[in-house]
Amino acid sequence: MHTIDKDRPTPEWIAATRKRFEVEREVDRALTYKMEKRTSPPYTKLPLERLVAGVQSLIASQLKTPFEITEAQWLSGGASKLQMAFSLTWDRPGVGRETTRMVLRTDLAESLHATSRLREYQVVKALTGSLPVPPVFWVDNTAEHLPYPGIVYGFVSGVTKPSNAKGNVSGLGTFIPEAVRKQLAPQFVEHLARLHTFDFRQADLSVFDLPKPGSHNAELAVNWWDRVWEEDCDEDVPLMAVASAWLHQNAPPVEQLSIVHGDFRTGNYLFNEADCRINTWLDWELSRIGDRHQDLAWSTSRAFGTYAEDGTTFLVSGLMPEDEFIAAYEKASGLQVDRRSLHYYQVFNAYSMIVMTLATSYRVARNGKSHQDILLAWLLGVGYMLQDEMRDLIEKAS
Amino acid sequence: MQLRPQLQIQTIIKAMMEDVIPALDQSNQLAMQSAQLTIGTLTLLAQHLPLEYRFDCDELARLVDCAQALADQAQGKTRTQAAVDTLAQAQQAGAQVLERARAEPDEIVQAVRALRSATAETVRAVHAEGSGTVQAQVAATVMAMSKAQLLRDRSWLLMQGWEPDPTRVPAIETLLAPIARG
């Protein structure tokens with residue numbers, strides 16, 4: 001049997017894979033960049049000074065007045081990114097001389113998500129003022145200044161879960177006490193509704209491609225993860241072939257396009273523990289212009305939820321039962337939820353998460369490309385629960 | 001099963017060397033020695049794991065041969081005869097086990113991978129070329145196989161804590177079929 005050495009892909013194989021799967025142009029660029037860098041050395045611990053020098057260079061390319069970087073320190077960047085906090089003393093436009101606490105967020109030698117920092121920059125910039133998002137300042141999309149592509153945000157304080165909450169890694173399966181979830185749940189729904197009704201056509205989202213009418217949106221979405229599966233998976237999974245076929249056969253049309261966050265769940269917002277106010281939404285790297293049902297379905301995944309105190313009521317993203325969530329969303333957004341589209345995107349999201357865990361987590365950890373290979377190897381394990389969820393969803397659909 | 005000890009050990013060693021040991025109090029000799037021994041033990045484990053089964057079979061074959069030779073040589077009184085009888089039984093049992101132990105673990109893993117790949121390709125081919133009826137039949141067969149396998153995969157990883165309700169997943173010991181029924 002002929003097997004491809006995915007750790008050393010040839011230019012011909014990269015080109016053939018690009019041709020097989022139609023995806024958005026910037027998604028294609030980011031995935032191709034990943035494959036072209038695959039033979040690069042494993043990740044080795046970067047000295048903080050290297051990141052400081054990179055961010056110094058990036059900011060110097062953007063500012064004409066003197067500035068100073070101080071108080072640089074590492075932050076936990078989760079499974080897919082490096083993060084460094086620092087203070088910038090500068091002449092802030094419209095404000096004057098001030099010291100601003102900032103965060104640099106960069107890719108790794110290879111990340112759990114091979115995505116575009118420029119897309120992240122554009123979408124956060126577009127949503128500023130409409131949704132709680134961190135201030136976004138500069139982007140280095142092709143690692144011209146930084147060791148890896150990166151983005152500079154303003155620092156926002158807050159927590160992703162109550163200090164005494166239990167949960168798994170990366171904010172998965174976080175149990176939130178009833179008193180807290182009662183305050184977070186309405187904001188969660190309200191923010192999702194606001195995101196999906198945002199008029200994106202007035203914003204600069206030049207690196208996002210608009211899908212054609214009909215089912216083209218779903219096709220682009222599935223092709224993205226089909227391609228990543230092809231590029232990253234080690235051992236094949238027959239159920240993934242069934243799922244991909246099902247997703248292509250059942251791709252629904254989208255009647256109204258929205259900005260889709262792509263990872264809208266507990267763990268990706270920060271809130272004040274004192275008053276339970278959501279301060280900011282993070283992790284926009286999987287965002288796209290597509291079908292709002294993708295986000296709705298994401299939030300309802302079993303991977304991100306927990307059971308309530310009664311042990312039987314499943315809480316969407318650890319916050320509220322699914323029926324309540326859907327009803328509250330429809331009321332807040334004025335948009336109907338199509339149960340068939342919701343179901344479709346539940347299958348799609350499980351599919352994409354399985355690709356990320358079973359294929360990409362494996363590939364990155366095996367090649368030693370991240371700062372947390374041990375976390376990525378651990379995350380592999382969720383892929384089996386997700387497969388069973390996906391299998392069950394496909395079975396129910398037929 | 002993609003999550004295998006080789007990958008886990010590799011990532012543990014890296015985390016120990018790059019994150020944990022540099023953060024330890026370097027003057028704490030006990031902690032430093034234990035950390036180094038942890039890495040050493042894991043490295044040894046990684047080296048042994050793929051060969052452990054072969055190592056044991058190799059020893060078993062040698063002992064079976066040796067027992068045969070001893071049975072021919074050992075002569076004595078009652079105690080020796082009893083010992084030789086017990087040895088003969090153990091030799092026979094060992095030889096039977098060895099007879100059944102024909103495939104190495106890695107061969108089984110490779111056979112699993114080859115079948116996974118060929119099965120997935122069959123699904124893709126049928127999706128590209130087959131009728132709707134054939135596609136549905138093939139999908140149903142794969143879904144049924146996956147359902148049974150995924151229950152075992154989930155049980156295998158239960159300790160990781162991904163299951164919203166772990167009580168609905170049976171223990172792995174109750175799900176795996178015995179390799180050989182004597």
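## Chain A at a glance

Helices (H or I, at least four residues) and strands (E, at least two) are DSSP runs, numbered from the N terminus. Counted that way, chain A has 12 helices and 12 strands. The model is predicted.

Chain A has 398 residues and a radius of gyration of 21 Å. The C-alpha trace spans about 65 × 55 × 40 Å along its principal axes. Of the residues of chain A, 49% count as buried. Take the contacts in chain A with a separation of 6 or more: 72% of them link residues 24 or more positions apart.

Domain 1 of chain A puts 24 residues into the contact, and domain 2 of chain A puts in 33.

On the domain 1 side, helix 4 (residues 117-127) of chain A gives the largest share, 8 residues. By class, that side of domain 1 holds 14 nonpolar, 7 polar and 3 charged residues.

Strand 1 (residues 68-75) and strand 2 (residues 82-92) of chain A run antiparallel, joined by 6 bridges. One pair to look for is A:Trp74 with its bridge partner A:Met84 in strand 2.

Strand 2 of chain A also pairs with strand 3 (residues 96-106) of chain A. This pairing is antiparallel too, over 11 bridges. A:Arg92 has A:Gly96 of strand 3 as its bridge partner. The hairpin of strands 2 and 3 of chain A has 3 residues between the strands. There, A:Gly94 takes a positive phi near 80°. In a regular strand, side chains alternate between the two faces of the sheet.

## The contact with chain B

Chain A contributes 37 residues to its contact with chain B, and chain B contributes 33. Several elements of chain A each supply at least two residues to this side. They are helix 7 (238-249), strand 10 (306-307), helix 10 (339-366), helix 11 (373-379) and helix 12 (382-397).

Helix 12 of chain A provides the largest share, 8 residues. The side of chain A that touches chain B divides by class into 20 nonpolar, 7 polar and 10 charged residues.

Conventions
Residues are numbered from 1 along each chain as its sequence is written. Chains are lettered from A and ligands numbered from 1 in the order in which they are written. This is a predicted model: local features need pLDDT of at least 70, side-chain atom pairs count only at pLDDT 80 or more; totals for chains, interfaces and linings use all residues. Two residues are in contact if their C-beta atoms, placed from the backbone, lie within 7 Å. Ala, Val, Leu, Ile, Met, Phe, Trp, Tyr, Cys and Pro count as nonpolar, Asp, Glu, Lys and Arg as charged, and the others, Gly among them, as polar. The radius of gyration is taken over C-alpha atoms; the globule rule is 2.2 Å times the number of residues to the power 0.38. A residue is buried if 20 or more other C-beta atoms lie within 10 Å of its own, exposed if 12 or fewer, and partly exposed in between; C-beta atoms are placed from the backbone. Two strands pair if DSSP finds at least two bridges between them.
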